[in-house]
Amino acid sequence: LARITGGEQVCEAIPDIEIGNRIWSDINSNGIQDANDPGLPNVSVELFADFDLNGIPDGAALATTTTGADGTWIFKTSNVTDGDPITPGAQPGLLPLSGYIVRLGSSSWTAGQGVGNLVGYSLTLSNIGGTGQPDVRDNDATIPTSGIPTIALKTGNLGENNHSFDIGLKNTCGISVIAFTNTSVCNDNGTATNLTDDYYTA
């Protein structure tokens, strides 16, 4: 952008667009971030274009990031090298008023379930709302046919940031700590909603 000041043209930086927020562990599985719900660190998050707004990624991932120690993530000009795969050349950052998809990356979610540090997790309730700031505290992700927790969104105008996109995951296994070294995976005994019959085989 440029403006005229005292007869001289002054270039100004184009306002950035940021989207993001938090991936958290929903301890009581209510779909809302409560004060004691911890963030999930080191979770892979991917960004895709969805310019036709059909909820399906338009090609390969445009960018990948990882959640911080508090579970937060963000996409902006500094980590999105090309937010417009249609226009030739690199267009850093996200386009205004355009559709995008945010979803968990393959190193954190594969074959319809959590992997790595998300083993035993599944998606919690979606779009519950809640008192106060309804869209700031609830889980915005759903599970489409891809089987991956996904948020479909549309950006605002230049300079409009939206840090309200959250993904809540619940631990579907009632056993979280064992007192000996074990490489087994927690077995939910075929009853994902009943945590009392979960077990490890050692």
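In the predicted model, strands β4 and β5 run antiparallel and are joined by four bridges, among them the pairing of Ser44 with Thr66 of β5. Strand β4, which spans residues 44–49, is also joined to strand β7, residues 99–104, by five bridges, again in an antiparallel arrangement; here Glu46 has Arg103 of β7 as its bridge partner.

These pairings belong to an open sheet of four strands, ordered β5-β4-β7-β11, in which the pairing is antiparallel. The edges are formed by β5 (63–66) and β11 (150–154), each of which pairs on one side only. On average, and with direction ignored, neighbouring strands of the sheet are turned by 20 degrees against each other.

In a regular strand, side chains alternate between the two faces of the sheet.

The largest nonpolar core comprises 28 residues, of which Ile19, Ile23, Leu47, Phe75, Leu104 and Leu169 touch the most other members. At least two residues of this core are supplied by each of β3 (19–25), β4, β6 (72–75), β7, β10 (121–123), β11 and β12 (167–171). When neighbours within four places in sequence are left aside, Leu47 is in contact with Ile19 and Phe75, with Ala61, Leu62 and Ala63, with Val80 and Leu94, and with Tyr100, Ile101 and Val102.

Definitions and conventions
Residues numbered from 1 in each chain as written. Predicted model: local features only at pLDDT ≥ 70, side-chain atom pairs only at ≥ 80, totals over all residues. Heavy atoms only, no water. Pairing = 2+ DSSP bridges. Axes fitted to C-alpha atoms, helices over the stretch in contact; angles between N-to-C directions. Core = buried A, V, L, I, M, F, W, Y, C linked by side-chain atoms within 4.5 Å. Buried < 20%, exposed > 50% of the residue type's maximum accessible area, 1.4 Å probe, protein only. Contact = heavy atoms within 4.5 Å.
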